[in-house]
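Biologist: I'm new to this one. Could you walk me through its aromatic rings and its surface?

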Amino acid sequence: MQAFVSNRPGARGPWLLIAVLLLLGTVRFLVFSAHSPVLGYPNNFDFLRTSGCVGIWNFDAQSEAFHSPAPDRVVAQLHYNGERLWQFCNPTAETIYLSALKLGHSVGDTFPIQHLAYAKWVIVLLAYTALMWALRSMRLRVFLSACFVLLWWDMSTLLYFQSLYPVFSSLFFSLFVVTALLACRLDAFSRSPWASLLLALLTFMLGFSNQQYFYLAIVLTAVFLLFNGRQYRLHSTAMLCAVLVASLCHSYLRPAQSQEFYAGIDRVNRTDTIFYGVLMHSRNPEEAAVSLGLRPECAQMAGIGAHAFNHGLKQNICPEVASISRLKLLNLAAKQPSTIAKTLLAGVEAYKPVYGFFPQLYPYHASELSPGMYASSPSSLIVSAPRGLYLAMVAVMAMLAAAAFVYALLPRGRQSLWAHAIWIGGLLCFYSIFSSVFGDGMVEVERHAAVFLPGFILLWLGAIFGVLDRLRAAR
């Protein structure tokens, strides 16, 4: 493959480029962390699930609700009181970052939320550095560094550093696992046992990030086995073990006191998926309800979210929806494929990565808080573009990903970095929207589909690499 980056071991240019990228990312991160007012995502109920496991809480002296203060703004401090609420605890990778703060603080300490950002920064940089060591291609190192810094650079990602949303790990570790998959496909990944251990750790951190992206870890492991299983048997075994361990953690680390609470959340998610997702976008809701194993009168609930039932605004005449298996959607897809397509398209249209999922809560838009950071973020292209142009861009992305996948299967495309980057980036985008819409319905698609952004960056940067390669080859 012709490339615009030298692959010679002693080449200084690529290392200089990588150093400049990391320096820019570091400066941006430090400017972000020093911003006044403090930048981050507003306090959310999800934060309670993490703090309840660790005993470190958002702290706002002006708020009466200590365990969930100030849902309309960023809480700038954390308080370590050691109190755990096991009935809400949901162990994820986010608890690892928060627990790391105990190394430098004592019970009773109150400290800036930037300390959490620094803990995440260190762990992510260690993972990036280890992956750079395992790569055996300078082109891949430059590609990883460019993707990593663009993702790190984005304001919507930076906001996760100073919040307790578990999806933070999904953003970075999906990129790292995909890069390892790319490297193995190009036979440019270390075959040492240490490299297989690294791949296992990266896969575990993705799978342990939250339940939604646990299944992404399964999907990427399956893709790895399909394309790289024979050549990298030890690595394949390591990934399978990592997925198994992540599954056991999700199943057995959650305290017994919280089982009923999270069973209730699962019922809410199923209700939103069917009522505030699938049935809402069906031309024939009665037929769709029957295809899902529900009574025809359940179609009356189309377009009503579970919050309406929880707040007594509506009477749920179809309570059995809460126990419907999502596998029933396969039956609906066979009978009403247009319903599945329309629901998925609605999710694509609803997606906005920067401050998109709580305009009714937060008093400022990201562009008003920090105009320069917002305007220079890759995600601002999605937010600022007219929705028609955005949908056209998504359509182009889908066609590029499909074409790149076919090309990557051909003998001449098997060693093409850009082709694999494009179709795997498309896979991440599709998975993030699909799992959000059919996992939680149309409720907060923007937050649930966070991994759309690393897929977006992978796809378009892969396309840029491909164009530059072609220009180099044409000379």
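This is a predicted model: local features need pLDDT of at least 70, side-chain atom pairs count only at pLDDT 80 or more; totals for chains, interfaces and linings use all residues.

Biologist: Is phenylalanine 168 buried or exposed?

Modeller: Buried means under 20% relative accessible area. Phenylalanine 168 has 0% relative accessibility, so phenylalanine 168 counts as buried.

Biologist: Which tyrosine forms an edge-to-face aromatic pair with tyrosine 41?

Modeller: There are 30 aromatic pairs to pick from. In the edge-to-face one with tyrosine 41, the centres are 5.9 Å apart with 70 degrees between the planes, and the partner is tyrosine 165.

Biologist: How many residues apart in sequence are the parts that this pair ties together?

Modeller: Tyrosine 41 lies in the loop between helix H1 (13-33) and helix H2 (45-54). Tyrosine 165 is in the loop between helix H6 (155-161) and helix H7 (167-185), so the pair ties together parts separated in sequence by 124 residues.

Biologist: And tyrosine 41 and tyrosine 165, are they buried or exposed?

Modeller: The cut-off is again under 20% relative accessible area for buried. Both tyrosine 41 and tyrosine 165 are buried.

Biologist: Which residue has its charged end over the ring of tryptophan 133?

Modeller: Tryptophan 133 belongs to that nonpolar patch. The charged end over its ring sits 5.8 Å from the centre and belongs to arginine 136.

Technical notes
Residues are numbered from 1 along each chain as its sequence is written. Side-chain values use heavy atoms; hydrogens and water are left out. Patches are made of residues with over 30% relative accessible area and no salt bridge: like charges are joined within 9 Å, nonpolar side chains (Val, Leu, Ile, Met, Phe, Trp, Tyr) within 5 Å. Accessible areas come from the Shrake-Rupley method with a 1.4 Å probe; for residues, only the protein chains shown count as cover. A salt bridge is a side-chain nitrogen of Lys or Arg within 4 Å of a carboxyl oxygen of Asp or Glu. Rings of Phe, Tyr and Trp (its six-membered ring) pair if their centres lie within 6.5 Å; planes under 30 degrees apart count as stacked, over 60 as edge-to-face and the rest as tilted. Helices (H or I, at least four residues) and strands (E, at least two) are DSSP runs, numbered from the N terminus. Buried means under 20% relative accessible area, exposed over 50%, partly exposed in between (1.4 Å probe, protein chains only). A charge sits over a ring if NZ of Lys or CZ of Arg is within 6 Å of the ring centre and within 35 degrees of the ring normal.
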